[in-house]
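Dear colleague,

Please find the structure below, followed by a short account of what was found in it. I would be grateful if you read the two side by side.

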Amino acid sequence: MPSFDERIAALRRAGRSFAIATVVRTVDATSAKPGAKALILADGTIEAGWIGGGCARGAVVKAAIEALGDGRPRFVSLRPEELLEAEGATHGTERAGVRFARSRCPSKGSMDVFVEPVTPPPELVICGESPVALALCELSACLGFTRTLCAPGLAAERTPLVERLVDGFEPDGGGGVGTAGAERYVVVATQGKGDEAALRAAVLAGAAHIAFVGSRRKFAALRERLTAGGLPESALADVKAPAGLDIAAITPHEIALSILADIVALRRGRQRESGRA
């Protein structure tokens, strides 16, 4: 049987989300002890490990599913009914980041469990081989994205260091813009070389955010051609054009910086709103 770490590595390679539940503290008699771990999938399946029997499993699995839903860790404190009542808490009460849950174990033991969500890294898909596209590949290297460059016929001497290099834009052609991922941001930086094909592929593939490097006038002309070719107007409504934040950028690296700043602000803003919810 694969080890716990080997299962984690396999899930990472497959781009799947999972949570790691770790027992960090126990009081009195409990079946699981500090350091015990379980690997929990998004559907609640315990893929590997063990953190105790049914007394603990339900509350921890529920916390894992919620953590994978919003990307935020959970801390679950399982206690007997009488201890919860003594602290003025009930099953489901949350205080200072701790969620209390009822333990019905006859042993009357208590257990604290930390639940950490592990999700695939966000994917940045860059279309084109323009100076801005290559600058995006360079500047995004340290931001934690899985980076895919879609650039038909890119010369070998210009190939940047990215995780994936795709010779084409078509979402059905060997991956390309349509690569599966939990969170995808697409930047069309073709700048005159395959604009329409790249934009069409980006819209058809779907993404958390699509940005087009070019003027409003140029995008309006492309939108007219794409809608005339059958794309619904609504599919292009959320494309950010021109791409990036307005920081008076001029050079390719400055433009790339404005685009990445916009993506980071959008991504972290969504996470903050999810946390508030």
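Is F212 buried or exposed? F212 is buried, since its relative accessible area is 0%; here buried means under 20% relative accessible area, exposed over 50%, and partly exposed in between, with a 1.4 Å probe and protein chains only.

Before going further, please note that this is a predicted model, in which local features need pLDDT of at least 70 and side-chain atom pairs count only at pLDDT 80 or more, while totals for chains, interfaces and linings use all residues. Residues are numbered from 1 along each chain as its sequence is written, and side-chain values use heavy atoms, with hydrogens and water left out.

Aromatic pairs

Rings of Phe, Tyr and Trp (its six-membered ring) pair if their centres lie within 6.5 Å; planes under 30 degrees apart count as stacked, over 60 as edge-to-face and the rest as tilted. By this rule there are two aromatic pairs. The ring centres of F145 and Y185 are 6.2 Å apart and the planes stand at 85°, so this pair is edge-to-face. F145 is in the loop between α4 (131-139) and β9 (146-150), and Y185 is in strand β11 (residues 184-188), so the pair ties together parts that are 40 residues apart in sequence. Helices (H or I, at least four residues) and strands (E, at least two) are DSSP runs, numbered from the N terminus. F145 counts as buried at 6% relative accessibility, and Y185 does so at 0%. F212 and F219 form a tilted pair, with 5.9 Å from centre to centre and 45° between the planes.

Residue I263

I263 has its place in helix α7 (residues 252-276) and is buried, with a relative accessible area of 1%. Leaving aside residues up to four places away in sequence, I263 touches L124, F145, Y185, V187 and H209, where contact means heavy atoms within 4.5 Å.

Helix α6

The 13 residues of helix α6 (residues 216-228) should span 18 Å at 1.5 Å a residue, and the end C-alpha atoms are 18 Å apart, which agrees; the expected span is 1.5 Å times one less than the number of residues. In α6, F219, L222 and L226 are buried. They cover an arc of only 65° around the axis, which puts them on the same side of α6; the arc is that of the directions from the helix axis to the C-beta atoms. On the other side of α6, the residues R217, E224 and A228 are exposed. The buried residues of this helix pack against α5 (195-205) and β12 (209-212). Just after α6, G230 has a positive phi of about 115°.

The sheet

Seven strands make an open sheet with mixed pairing, in the order β3-β2-β1-β7-β4-β6-β5; two strands pair if DSSP finds at least two bridges between them. β3 (46-49) and β5 (94-95) stand at the edges with a single partner strand each, so one side of each is left without a neighbour in the sheet. Strand β2 (residues 37-41) runs antiparallel to β3 and is joined to β3 by three bridges; I40 stands opposite I46 in β3. Helix α1 (residues 4-13) packs on the sheet, where it touches β1 (18-27), β2, β3 and β7 (110-118), and its direction makes about 25° with that of β2. Axes are lines fitted to C-alpha atoms, for helices over the stretch in contact, and angles run from 0 to 180 degrees between N-to-C directions.

Yours sincerely
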